[in-house]
Amino acid sequence: MGIFDGIKVIELARVPPAEMPGMFLADYGADVVKIETPEPGRTRDAQEERRAAFAFVNRNKRSMTLNMKAPAGQAVFKKLAAEADVVIEGFRPGVMKRLGAGYDALKTLNPRLVYCSLSGFGQDGPYRDFPAHDMNYLSLAGVLNLIGEPDRKPVIPLNLVADYAGASLHGALGIVLALYARERTGRGQHVDVSYLDTSVSLLAATPNMRFFFSDGWAPRRGEGFLGGSYPYYAIYETRDGKLLTIGCTEPWLWANFCRAIGRPDFERFARQPDQLVRAANREEQAAREEIEKIIRTRDRDDWYERLVKADVCVGKVYDVEEMVRDPQINHRQMIVEAEHPTHGRVRQVGIAIKLSETPGSVRSAAPLPGEHTDLVLKDLGLSAADIARLHEKKVVE
């Protein structure tokens with residue numbers, strides 16, 4: 001039994017970051033119905049259908065098509081919302097209101113509804129209606145300018161920060177908080193999650209920002225003890241052209257590393273209190289360059305085994321093919337398989353949050369768009385004739 005068994009979720013999201021909160025709820029038992037826009041006449045080839053089955057953020061969900069611009073489609077959606085516990089939407093502010101499905105309209109039908117909106121800049125403010133993507137949020141949040149080397153342009157960290165660590169995870173947490181509050185008050189509420197807000201919040205938790213407000217120390221790209229310029233927190237190339245990460249910010253771990261590479265004299269380059277915002281000086285840079293030469297004398301995996309045994313914080317810089325074969329990742333069931341009615345066993349990433357009493361589960365691979373339309377409508381109490389009329393009017397596919 002999943003912890004969210006019996007919780008009904010309606011999802012309207014066109015991008016994966018807005019789909020991920022629903023996946024988290026579905027992994028723990030929620031019935032998540034994904035609303036797709038009908039595309040009359042479109043045919044999908046076998047490759048496209050196969051790819052759809054592997055869509056990580058859509059697993060454990062059901063899918064139905066619904067034309068939200070048609071009055072009949074809006075009426076169906078209101079029936080769904082009246083019985084739902086959660087609505088998740090990822091449109092620009094104002095879109096759902098124009099479709100007759102904004103929070104104010106739905107809460108009158110269902111006062112217990114938790115309504116989560118994920119948008120770039122939130123539901124209010126001067127940037128509310130601006131278009132943007134992950135990199136734009138990171139640049140405005142002050143995050144992007146801190147990633148990379150000081151003499152180059154900032155490095156784009158995929159779309160992990162604003163999209164997923166930011167909006168997706170905060171959206172899921174906001175929904176859970178609102179559901180918990182509902183247990184106490186009996187009322188739902190609007191969860192307003194901004195990609196920009198969450199990026200600023202994540203930055204605030206980093207050591208770089210620790211003394212910005214208290215002491216006025218502004219971090220700069222490539223500076224600070226996590227910026228990559230210090231020998232104890234850096235990326236090193238090995239003899240076989242591969243890379244190792246060394247992350248020994250504690251002096252005793254750094255001492256372990258120095259002894260393991262035969263340079264105990266480098267222990268004096270352990271992290272110092274004044275390195276929060278400054279870059280490595282010439283002597284510290286020279287030490288790092290000397291360590292680069294030493295690390296190039298052995299292959300990556302050889303160094304990894306030696307340094308792990310020496311109690312050093314070390315990591316192999318994997319490509320994705322290596323990552324999915326890693327024994328720790330597989331032991332923790334982070335690579336799993338799900339059953340698909342057409343494609344058999346579908347391989348994908350597992351569940352990261354391990355609950356001892358109410359664990360999540362991967363019960364089904366992602367559905368095809370509209371795969372469960374008729375079943376969802378039947379669950380709403382619509383007759384076969386009613387469903388047929390909706391198909392005729394192109395309200396559903």
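Ala, Val, Leu, Ile, Met, Phe, Trp, Tyr, Cys and Pro are counted here as nonpolar, Asp, Glu, Lys and Arg as charged, and the others, Gly among them, as polar. In this predicted model, the lining of the largest pocket divides on that basis into 16 nonpolar, ten polar and ten charged residues. The volume of this pocket is about 1200 Å³. Its lining comprises 36 residues, and those nearest the centre are Gly-148, Leu-226, Gly-227, Gly-228 and Tyr-233. At least two lining residues are supplied by each of α8, β7 (233-237), β8 (243-247) and α11 (282-295).

The second largest pocket has a volume of about 880 Å³. It is lined by 29 residues, with Met-20, Met-23, Phe-24, Leu-169 and Ala-352 closest to its centre. Two or more residues of this lining come from each of α1 and α7, and α7 gives the most, with seven residues. By class, the lining of the second largest pocket contains 25 nonpolar, two polar and two charged residues.

The largest nonpolar core has 36 residues, among which Val-9, Val-86, Leu-118 and Ile-175 touch the most other members. At least two residues of this core are drawn from each of α1 (16-27), β4 (86-89), β5 (114-119), α6 (134-141), α7 (160-185), β6 (190-194) and α8 (195-204). The largest share, six residues, belongs to α7. Beyond residues up to four places away in sequence, Ile-175 is in contact with Pro-21, Leu-25, Val-86, Ile-88, Val-114, Cys-116 and Val-191. A second, separate core consists of 31 residues, including Leu-12, Ala-84, Leu-106 and Leu-390.

Terms used: Residues are numbered from 1 along each chain as its sequence is written. This is a predicted model: local features need pLDDT of at least 70, side-chain atom pairs count only at pLDDT 80 or more; totals for chains, interfaces and linings use all residues. Side-chain values use heavy atoms; hydrogens and water are left out. A nonpolar core is a set of buried Ala, Val, Leu, Ile, Met, Phe, Trp, Tyr and Cys residues joined through side-chain atoms within 4.5 Å. Buried means under 20% relative accessible area, exposed over 50%, partly exposed in between (1.4 Å probe, protein chains only). Helices (H or I, at least four residues) and strands (E, at least two) are DSSP runs, numbered from the N terminus. Contact means heavy atoms within 4.5 Å. On a 1 Å grid over the protein atoms alone, a cavity is a set of points where a 1.4 Å probe fits but cannot get out, and a pocket is an open set with protein on both sides within 12 Å along at least five of seven lines; lining residues have an atom within 4 Å of a point. Grid points are joined across faces, edges and corners, and a volume is the space filled by probe spheres set on the points.
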